[in-house]
Structure formats: C-alpha cells, structure tokens
Amino acid sequence: VISASTDEVSNAITSAKAAFDSGVWSKAPAIHRSKVLSTLARKLEAKIPEFAEIESIQTGRVIREMKAQLGRLPEWLTHSGFVAPTQGTLLNYVTRVPLGVVAQITPFNHPMLISIKKIAPALAAGNSVIVKPSELAPISVLEFAELAAEAGVPPHVLSILPGGADVGKAIVSNPIVRKVDITAGTPTGKAIGSIVGNNLASFTAELGGKAPILVFDDADIEAAVNGVAFASFVASGQTCVSGTRLLVQSGLYDSFRTAFLKKVESITRRMGDPSNPKSTMGPVISSRALERAERMVSQSGRSIIAGGSRMTGTSGIDGFDFSKGYFYPPTVVEGIKPEDELFQEEVFGPVVTMTPFQTEEEALALANNCKYGLGAGIWTSDLSRAHRLAAQIEAGLCWVNTHHRNDPSSPWGGMKESGIGRENGLEAYESYTQSKSTIVNIASADSMKATDDWFADDGNEKRYG
C-alpha cells in the first residue's frame with residue numbers, strides 16, 4: 001500500500017469539501033442516506049469471510065476472533081429534528097446539521113471495527129469523511145471504501161488516505177477539517193488535540209487504558225477465570241480496554257491463581273498459525289510492540305509466574321514456526337506495587353499483573369490509582385456490590401461478570417487520560433452534527449405591531465430576547 005503524498009492529502013480534503021458543498025450527500029434526505037448505508041451493510045455482510053481473512057493476515061489476529069468481531073459490523077451501518085419549547089408566540093425548532101469535512105485516524109488493532117464505528121455516524125449525519133487507517137493494517141479499510149462506493153456513497157464523500165504520522169498531521173492540520181476523531185495512544189492524542197484546538201475544530205479521542213479487573217471472593221471461579229482470560233488476552237492484549245490489572249480478593253486469590261495459570265498454560269499451548277481456527281492467540285503487531293512488552297516485564301523486577309519471553313520453536317498444534325511472527329505468550333506478573341510502571345503504564349500486549357486485596361475500599365483505591373480510565377471489570381455474585389462499585393470506578397466503561405461487550409447503541413469512551421468524547425450511540429451521531437435553531441414568530445401582524453415595536457414611542461415595555 002503506497003502512502004498518500006502531501007498533494008493527495010490536500011486534493012482529498014479539497015474534493016471532500018467540494019462534495020460537501022455540492023449537497024450530493026450533505027443535503028440528501030436522511031432516508032436516502034439511510035438506504036445507502038443499509039445497502040452497504042448488506043454488501044458488507046456478504047463479504048465478512050473475505051474481510052476476516054484480510055484482517056487476520058494483516059494483524060496476526062486469529063481467524064476466529066476476526067470472524068466473530070466482523071460479523072457484528074453491519075449493525076453499525078443499519079435518524080432529524082425536534083421541537084423545543086419557547087416562551088410567547090414563537091416556534092423554535094432545532095435541527096442538527098452536518099459539520100462538513102471530518103477526519104478520522106484509526107489504529108491497527110481493530111482496523112474494520114473502529115473505522116466503521118467512526119464512519120457510520122459521520123456519514124449518517126451527512127459529513128464528508130477522510131480516514132487515515134494505521135499504516136500497519138490499511139487494506140481492509142481501503143476495501144471497505146470500495147464497497148461503500150458500490151453501495152451508493154458518492155465520490156469524495158468517503159476517502160481513505162493511507163500513510164504514517166506525516167499523512168495524519170497533514171490531514172488534521174488542514175483548517176477545512178471541522179472534526180477529528182482518533183483512536184490512539186495518549187501522547188499521540190495530546191499532540192493531535194493541540195493541533196485540532198488551534199483550528200477550533202471538534203475533537204473525539206479514544207486513547208490509552210489500563211483496565212482493572214476486580215474479582216471478589218463470591219465470584220464463580222470458573223466463570224471468572226474464563227472471563228478474565230478473555231478480557232486480558234483476546235487480540236493478544238492489544239486493545240485499550242484489555243484487562244491488565246487483576247485485583248483478586250484475598251479469600252479467593254490462591255484458588256483463582258491456580259485456575260488462572262492453568263488457563264494461561266492452555267492458551268499458550270494452543271497458540272499456532274493465526275489462520276488456524278484452533279489457534280488461541282496471535283502475535284503482537286510489530287517488533288517494536290514485542291520489544292516494549294519484553295522490556296517492561298523484564299525491568300519490573302517482580303515475580304513472573306507465566307510467560308515473560310518471546311516464543312521460539314514451533315507450535316504444538318500445527319507446527320507453525322513462531323520465529324515468523326512477533327509471538328509473545330500470555331504473561332502474568334505478581335508482586336507489583338501501585339507505583340510500578342507495569343501497574344501504571346499501558347503495555348499493549350498480553351501482559352497482566354495480579355494483586356490481592358482485602359476490602360471493597362482497597363479494591364476501589366487500587367482500581368482508581370491510575371491516570372487512565374477507559375474500561376474496568378467486576379466479577380461478583382453480589383449485584384448490589386457490583387452497582388455500588390461500578391458507580392465509583394473512574395472508567396467510561398464498566399462491565400459486570402463480562403468484558404469487551406460492545407453494541408452500536410452503547411456509548412464507548414474514557415475518563416481521565418483515556419480520552420474525550422464517545423463512540424457509539426446518540427452521542428456519537430450528535431458529535432458529528434451541530435445544532436441549529438430556527439425561531440419563527442407565529443403571532444398575527446396586528447399583534448406584532450402592538451407588542452414587538454422595540455422603538456415605539458408609547459413607553460411600554462417590550463420583549464427583548
């Protein structure tokens with residue numbers, strides 16, 4: 001895939017603005033946009049197996065993860081005004097209108113999922129959309145744009161510009177762009193946010209995370225072990241909501257530890273070729289990601305009770321040569337302190353820490369002792385406790401007895417340094433629009449002459465505003 005040039009970035013944005021100004025999409029009836037997106041959903045539905053293979057090949061994610069994840073994507077594609085009360089003989093109706101040209105920067109870990117979560121509300125609202133997918137995994141997003149064109153999305157309304165940081169900077173720096181929506185690490189989010197703010201454009205950012213998983217004594221141990229393993233190691237731990245800080249109540253700690261390590265061993269033993277449906281976990285995305293995981297674990301100075309070093313040799317399930325990818329096993333570290341790097345900073349790989357706690361208060365303090373606040377999980381059979389703690393955990397998403405669950409209607413975003421704004425739901429749609437009030441005086445002409453002449457010389461009070 002060839003990186004977009006500076007001229008291509010400029011041309012794409014100019015063309016997107018022209019498409020927006022033409023009204024071919026921005027002023028098309030909402031029902032028409034809905035029909036086009038519904039057609040796109042059906043076309044995507046038919047090609048899910050092909051996209052799953054592309055996603056698996058370009059990310060190393062195992063094929064069963066990709067098939068399960070991508071199978072939900074058509075839902076995001078498959079909306080205008082309301083009347084606001086006013087005082088007096090005035091009708092004030094509020095409509096939401098598109099922003100114009102909007103830009104989206106998406107990551108490598110869920111190329112299609114995150115792109116469609118952003119593209120769908122932006123298009124539904126009538127915007128022209130520029131997407132820069134990760135340079136590590138752009139192919140499926142490029143293919144999706146072709147599908148969108150087939151479905152009836154007009155030329156230049158959806159543009160995909162591959163490339164690295166230079167392309168991203170050129171896009172977000174352009175003053176024509178009225179909103180930027182990114183999923184990235186927190187340092188990148190801060191850097192882009194300063195550029196966007198200088199242009200007085202809107203900004204949505206889903207950034208880093210360090211999700212705590214609280215496991216209480218009364219949790220079903222088998223269900224909790226299975227759920228925590230899924231939270232921690234699906235996508236090789238390369239999600240912003242991965243369960244990375246396991247906080248286990250002391251009464252259950254030893255038995256949970258034993259069962260969890262058995263699960264970890266099983267996952268590791270069944271790793272293999274990502275295209276093998278029986279393979280449990282794929283590699284991390286790059287040598288840089290592998291080196292980061294190895295460094296953070298080795299420098300922690302704590303007890304590594306599972307994993308901890310790059311995988312070598314061949315797979316026991318299919319003979320796959322692990323040296324052909326950046327394979328790092330599920331890794332568990334004990335003895336971590338809250339001030340340690342491994343407790344505070346995102347690894348973005350299959351690395352978790354295990355820490356015991358005594359009371360709810362201690363668990364809550366540990367969970368909130370982090371600059372991130374994207375996801376969290378609670379495992380307990382006491383729903384009163386679950387609701388009580390979920391309300392106090394500083395995270396935009398909190399799962400109870402589950403993890404990673406996502407739906408087009410469910411707002412998704414973080415607190416603290418995990419970002420600003422939300423994906424999904426009405427919040428996402430409204431973030432791609434701006435409100436417009438139209439105020440109509442419905443009084444008779446005689447009434448207006450009697451009450452609305454501000455400069456009349458009768459001395460009577462008149463309404464102002």
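Reader: Which residues are exposed on the other side of H15?
Author: Leu-383, His-387 and Ala-391 are exposed there. Exposed means over 50% relative accessible area, buried under 20%, and partly exposed in between, with a 1.4 Å probe and protein chains only. A word on the source: this is a predicted model, where local features need pLDDT of at least 70, side-chain atom pairs count only at pLDDT 80 or more, and totals for chains, interfaces and linings use all residues. Residues are numbered from 1 along each chain as its sequence is written, and side-chain values use heavy atoms, with hydrogens and water left out.

Reader: And which residues of H15 are buried?
Author: Arg-385, Ala-386 and Leu-389. Helix H15 covers residues 383–392. Helices (H or I, at least four residues) and strands (E, at least two) are DSSP runs, numbered from the N terminus.

Reader: Why do those buried residues line one face of the helix?
Author: Looking down the axis of H15, they fall within an arc of 100 degrees, so they line one face. The arc is taken from the directions from the helix axis to the C-beta atoms.

Reader: What do they pack against?
Author: Strand E8 (211–215), helix H14 (360–368), strand E14 (375–379) and strand E15 (397–400). Contact means heavy atoms within 4.5 Å.

Reader: What caps the N-terminal end of H15?
Author: Asp-382 does. One of its side-chain oxygens lies 3.1 Å from the backbone nitrogen of Ser-384.

Reader: New topic. How do H3 and H7 pack?
Author: At an angle of about 155 degrees, with axes 9 Å apart. H3 is residues 48–59 and H7 is residues 139–151. Axes are lines fitted to C-alpha atoms, for helices over the stretch in contact, and angles run from 0 to 180 degrees between N-to-C directions. That makes H3 roughly antiparallel to H7. Angles over 145 degrees count as roughly antiparallel, under 35 as roughly parallel, 65 to 115 as roughly perpendicular and the rest as oblique.

Reader: Which residues make the contact?
Author: From H3, Phe-51, Ile-54, Glu-55 and Gln-58. From H7, Ile-139, Ser-140, Glu-143, Phe-144 and Leu-147.

Reader: What about H8 and H9, at what angle do their axes cross?
Author: Roughly 25 degrees, and they come within 9 Å. That makes H8 roughly parallel to H9. Lys-169, Val-172 and Ser-173 of H8 meet Ile-192, Ile-195 and Val-196 of H9.

Reader: Now Asp-181. Buried or exposed?
Author: Asp-181 counts as buried, at 3% relative accessibility. It sits in strand E6 (residues 177–183).

Reader: What does its side chain make a polar contact with?
Author: The side chain of Lys-118, at 2.6 Å. A polar contact is a pair of N or O atoms within 3.5 Å; within protein, one must be able to donate a hydrogen and the other to accept it, and residues adjacent in sequence count only if both atoms are side-chain atoms.

Reader: Where does Gly-126 lie?
Author: In the loop between helix H6 (111–124) and strand E4 (128–132). Gly-126 is buried, with a relative accessible area of 0%. Leaving aside neighbours within four places in sequence, its contacts are Phe-20, Trp-25, Ser-26, Arg-33 and Pro-98.

Reader: Last one. How many helices and strands?
Author: The protein has 17 helices and 18 strands. Buried residues make up 53% of its 465 residues.
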